[in-house]
Each structure stands twice: as structure tokens, then as C-alpha cells.
Amino acid sequence: MSTVDATIGWDRLIEHDRVHGSLYTDPAVYEAELERIWYRTWVFVGHVSEVPEPNDYVVKSIGPQPVIMSRDKQGEIHLLLNRCTHRANLVCDAARGNSSAFRCPYHGWTFSNTGRLLGYPFNSGYDGREAKRELGLGRVPRVEIYRGFVFGSFADDGPTLLEHLGDAREALDRLVALSPSGELDLSAGWLQHKVKANWKMLVENETDGYHPQFVHSSIFSVAKSGIGDLYGEESTALSRDLGNGHTENDLRPEFRRIDQPLGWFGTTPDRVPGYVAQLEAANGAEKARELMIDGSPHVMLFPNLFIAEIQLFVIQPLAVDETVQHVTAVQYKGSPDMNRRMLQQTIGSVGPAGFLLADDSEMYERNQRGVHARSPEWVVLKRGTHRERLDENGHVVGDATDEVPQRAIWKHYRSLMEAGS
Amino acid sequence: MDVGEVVSEFAAVALSIDHDGNGPRLRIEDLKTGHVGYLDALELETLAWLPEGALHPLLDPSLHRWRKPAAGGGTH
């Protein structure tokens with residue numbers, strides 16, 4: 001529903017344990033979010049392994065903004081706006097390629113892959129005053145890389161990427177630690193799922209431990225998966241506020257209790273002997289066993305990167321009620337037996353015929369239709385408020401099915417929106 | 001001898017080794033227009049040693065291809 005004007009104050013729309021429905025439906029709120037969140041904070045764009053060779057490039061996005069991620073001949077990574085400086089045509093159309101220069105298909109203006117304007121056809125049509133230096137491609141002003149993950153920020157200054165990630169950077173450390181080579185390969189390609197729903201529906205759902213037993217019961221049943229039990233009342237797993245809007249479903253307490261290496265992945269070491277040998281060689285047998293018990297993180301990095309154990313999801317808002325999820329399989333560089341299984345599981349769960357994301361997408365679109373109802377006006381996020389507590393690092397945690405993550409997301413969201421007022 | 005095609009969203013060329021002359025040379029055919037150019041071994045070796053950005057001036061569309069013909073023919 002959209003009966004409340006956001007200009008009356010974000011505190012009137014966002015309370016500790018409930019938020020107003022208009023936040024999902026009001027186009028004015030969406031426009032404000034673009035400026036205050038998507039074009040200000042750090043946003044995940046891509047991974048260095050997607051542009052492994054000099055002059056490689058891929059087409060990416062920051063929300064609705066079209067972005068080219070290029071690696072120049074010196075190896076430096078650039079985030080350029082995919083918009084010709086002449087008449088605004090998209091310069092690159094292919095999802096990926098290798099080229100030291102880009103030529104706009106509309107009038108042939110040609111740019112280096114670092115964004116510099118190299119020239120245009122029929123230059124006698126200009127009187128010589130055109131300054132090529134000023135007509136280079138637009139740039140994302142700040143680019144930082146952590147563990148191979150490339151983030152961009154449209155703000156000229158502000159918190160560093162590490163300040164933005166805070167303690168949530170440990171999620172990226174944990175993810176990379178499971179690769180025996182210490183590197184990820186995220187070049188398997190990206191599936192795209194478009195839903196008619198507000199982007200925050202997706203962010204909230206990624207670390208919602210309350211829904212799996214309902215929404216995903218069919219795939220858990222068919223696959224004879226024990227994942228559903230991780231999100232029950234008896235589970236020792238935790239929901240966690242990692243700060244800065246980053247949230248987690250920490251399943252390690254359950255995996256440690258069960259004490260089965262690779263149990264998190266639903267397999268056993270004898271089925272991936274090459275991977276296990278590599279992990280032990282890289283870490284020693286004891287540490288490798290710990291890694292295989294704890295498994296891969298389930299963390300939502302605000303606002304757009306969801307680490308879902310063996311997949312990565314990138315959330316791209318296109319309109320107040322339209323969002324694309326880009327999904328790829330996590331691949332450990334140099335571990336073919338494990339990679340094959342992770343790719344198969346990714347296709348099975350979030351591929352075109354997969355159950356998991358189809359289940360969630362149905363919920364997103366039903367939520368979006370429901371939130372337009374005139375009454376009640378509020379979305380309730382009270383679950384577990386009475387049993388919130390601090391962990392050893394001072395982070396707020398709750399039980400597995402509690403809405404600690406959702407409250408954390410909205411708390412940070414409100415701080416960003418108020419800061420931009 | 002055909003070498004193959006090199007294609008991007010910006011250009012498409014077919015490469016082959018031409019032996020019509022006294023020595024081999026690389027034949028480059030622009031697949032969009034049929035225009036053909038040649039590079040000999042020394043020119044190719046020079047390209048291999050080009051530093052970063054040295055080809056950029058040649059990528060200016062107005063340098064040789066899309067420009068007003070000079071008086072008396074050719075390009076200016």
C-alpha cells in the first residue's frame with residue numbers, strides 16, 4: 001500500500017519491529033533509495049575471475065545503471081558506465097568479450113577499455129574544440145576489491161569498502177577458505193531471474209530462517225534433504241546482525257553438533273576425494289576437517305550480494321516492483337570434482353527447472369501483490385524480539401527462525417535514508 | 001592457409017596466410033565489408049612488441065577510414 005508520503009520522516013515508516021507497506025510500493029521511495037543507497041554505498045559488481053585475461057570485459061550493473069567491468073592490458077580493473085558520451089547509446093552489448101577498445105554501434109565513437117575517447121568518424125564535422133579528454137566514458141568513481149570481489153561506489157568519498165563490510169568480510173574469508181587454491185572461479189555464467197517484486201523483499205528473504213520449512217518443503221522432501229531441520233525450533237543455528245545491514249543465518253552450531261565433514265553440502269568425503277586431498281594438503285588434516293564441518297557461509301551482504309553456500313546471488317532493482325536476481329555457481333579454482341557437484345546442485349536448485357528459487361520467486365510476487373492491500377498497513381517483524389542476545393563479538397543474535405536479520409536490514413536502511421535527507 | 005576468424009561485437013575478421021608473394025604474409029579480411037589488408041612478418045613482430053596504448057591512435061575512426069576525402073583524391 002502507498003498511502004504514506006516518505007517525506008513525513010523515515011522514523012514514521014520504519015520502527016524497530018515493523019515497517020510500513022508503502023516502503024515496498026511507493027515509486028518516490030524507490031527513487032530515494034537509488035540516490036541514498038544504490039548510488040552511495042558500496043555495491044558488489046563482479047569478480048576478478050570474470051575478466052581473467054588482459055582486455056577482457058563483462059557487462060554488469062549497479063541497480064539500473066549499466067556498467068562495464070574491464071581489465072586493461074596492465075591488469076587494472078575498471079568500472080565504466082556503459083553509455084556513449086555522444087548520444088547515450090549502450091556501447092557494449094555482448095555479455096562478455098575481449099577488446100582493448102569499444103566502438104559504439106550508433107555513430108562509431110571509439111573508447112579505450114579504460115574509458116578514454118580515442119576518436120569518432122568524420123572528425124571534420126567538429127570544429128576542433130571538442131575535448132576528447134572530457135568525453136571519456138563515465139566511471140564509477142571508487143572501485144575496491146576484497147578477496148577477488150569487486151565493489152563499486154558512486155560516492156566520491158565515504159566509508160572504505162572494509163569499513164562497509166565490517167565483520168561481514170569474514171563471510172568472504174570463509175567462502176574463499178574452502179577453495180584449496182585460495183581462489184574462486186566465478187566464470188560459470190549468470191542465470192537471470194526477473195520477479196515483479198520490490199528488491200527489499202529479496203534482501204529480507206535471503207536470511208529469513210522462518211520460511212524454508214514452508215516454502216521449500218517440496219524440494220527438501222524430494223531431495224531427502226536435512227536442510228529444513230536446520231531452520232526449526234529445535235535448531236541451534238543462529239540468526240545474526242553483522243552490522244551495516246549485513247545479516248547471517250549461521251548454521252555452524254548445527255553442523256558442529258552433527259560433526260560430519262561435508263555434511264553441509266549433503267555429501268561425504270569419499271565422493272570428492274580429489275577435493276578433500278587438496279584441502280588437506282593446503283590446510284593440514286585437522287584444519288581441513290574443521291572447514292569441511294563448518295561449511296560455507298549463508299550471508300547477505302547489504303545491499304546486493306547474497307552468499308548462499310554454493311551459489312552467489314546478485315540483486316538488481318529495476319523499478320519499485322521489478323527486480324532481477326543474477327545467480328552463479330561458486331567454483332573453487334582447480335577443484336574439478338567438487339566443482340562438478342556444486343554446478344549440478346546449482347542447476348538443480350536455481351536453474352531454469354530448479355525448485356528453490358522458483359519457490360522464493362512465487363513468494364516475492366505474492367508479497368508484492370499483498371502489500372498493496374489497504375489494511376493492515378504494516379509488515380510485522382517481531383519474531384524473536386524477546387530472545388535477542390549478544391554473541392561473543394557483540395553482534396545481536398537470535399534463534400534460527402527469528403527475524404533478527406530483517407530488523408537489522410531495516411535499521412541500516414533507515415540510517416542510510418535518513419543520512420540522505 | 002586459413003587461420004580462423006576473430007570476432008567481437010565490434011569487429012569480425014578472417015585470418016589466413018597468403019603465399020602469393022615471395023614470402024608469406026597474414027591476410028586480414030574485414031568480414032563486414034570484404035575489405036582486405038596484409039601484414040608481413042616484420043610488421044607482425046612489431047605489433048607483438050607494441051607497448052600498451054600504442055595502437056590507440058590507429059583506432060581513431062577518423063584517422064584513415066571514416067574521413068572526408070582530401071582534394072585530389074585519397075584522404076587527408
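Two strands are taken to pair if DSSP finds at least two bridges between them. Strands (E, at least two residues) and helices (H or I, at least four residues) are DSSP runs, numbered from the N terminus. The structure is a predicted model, in which local features need pLDDT of at least 70 and side-chain atom pairs count only at pLDDT 80 or more, while totals for chains, interfaces and linings use all residues. Residues are numbered from 1 along each chain as its sequence is written, and chains are lettered from A and ligands numbered from 1 in the order in which they are written.

In chain B, strand 3 (residues 25–30) is joined to strand 2 (residues 12–18) by six bridges, and the two run antiparallel. Within this pair, B:Ser16 has B:Arg27 of strand 3 as its bridge partner. Strands 2 and 3 of chain B form a hairpin with six residues between them. Strand 3 of chain B also pairs with strand 4 (residues 36–39) of chain B, in the antiparallel sense and over four bridges. Here B:Ile28 stands opposite B:Gly37 of strand 4. The hairpin of strands 3 and 4 of chain B has five residues between the strands, and B:Gly34 takes a positive phi near 85 degrees in it.

Chain A contains an open sheet of nine strands with antiparallel pairing, in the order 13-19-18-17-16-15-14-22-21. Strand 13 and strand 21 (389–390) of chain A are the edge strands, each pairing on one side only. Inside the sheet, strand 17 (residues 305–308) of chain A is connected to strand 18 of chain A by four bridges, the two running antiparallel. The bridge partner of A:Ala308 is A:Gln311 in strand 18 of chain A.

Helix 11 (residues 336–350) of chain A has 15 residues and reaches 21 Å from its first C-alpha to its last, close to the expected 21 Å (1.5 Å times one less than the number of residues). Buried residues (20 or more other C-beta atoms within 10 Å of their own; exposed, 12 or fewer; partly exposed in between; C-beta atoms placed from the backbone) in helix 11 of chain A are A:Met338, A:Asn339, A:Met342, A:Gln345, A:Thr346, A:Ser349 and A:Val350. They lie on the same side of helix 11 of chain A because they cover an arc of only 130 degrees around the axis, the arc being that of the directions from the helix axis to the C-beta atoms. A:Pro336 and A:Gln344 are exposed on the other side of helix 11 of chain A. The buried residues of helix 11 of chain A pack against strand 13 (191–195), helix 9 (273–283), strand 18 (311–319), strand 19 (322–329) and helix 12 (356–370) of chain A.

A:Leu291 is in helix 10 (residues 285–294) of chain A and counts as buried because it has 20 C-beta neighbours inside 10 Å. Residues up to four places away in sequence not counted, A:Leu291 touches A:Ala177, A:Leu178, A:Leu279 and A:Asn283 (contact: C-beta atoms, placed from the backbone, within 7 Å).

Chain A is divided into domain 1 (45–153) and domain 2 (167–419), with bounds from an automatic or database domain assignment. Their centres, taken over C-alpha atoms, are separated by 32 Å. In chain A, 10 residues of domain 1 are in contact with 12 residues of domain 2. The contact between the chains takes 21 residues from chain A and 13 residues from chain B.

Key:
Contact = placed C-beta atoms within 7 Å.
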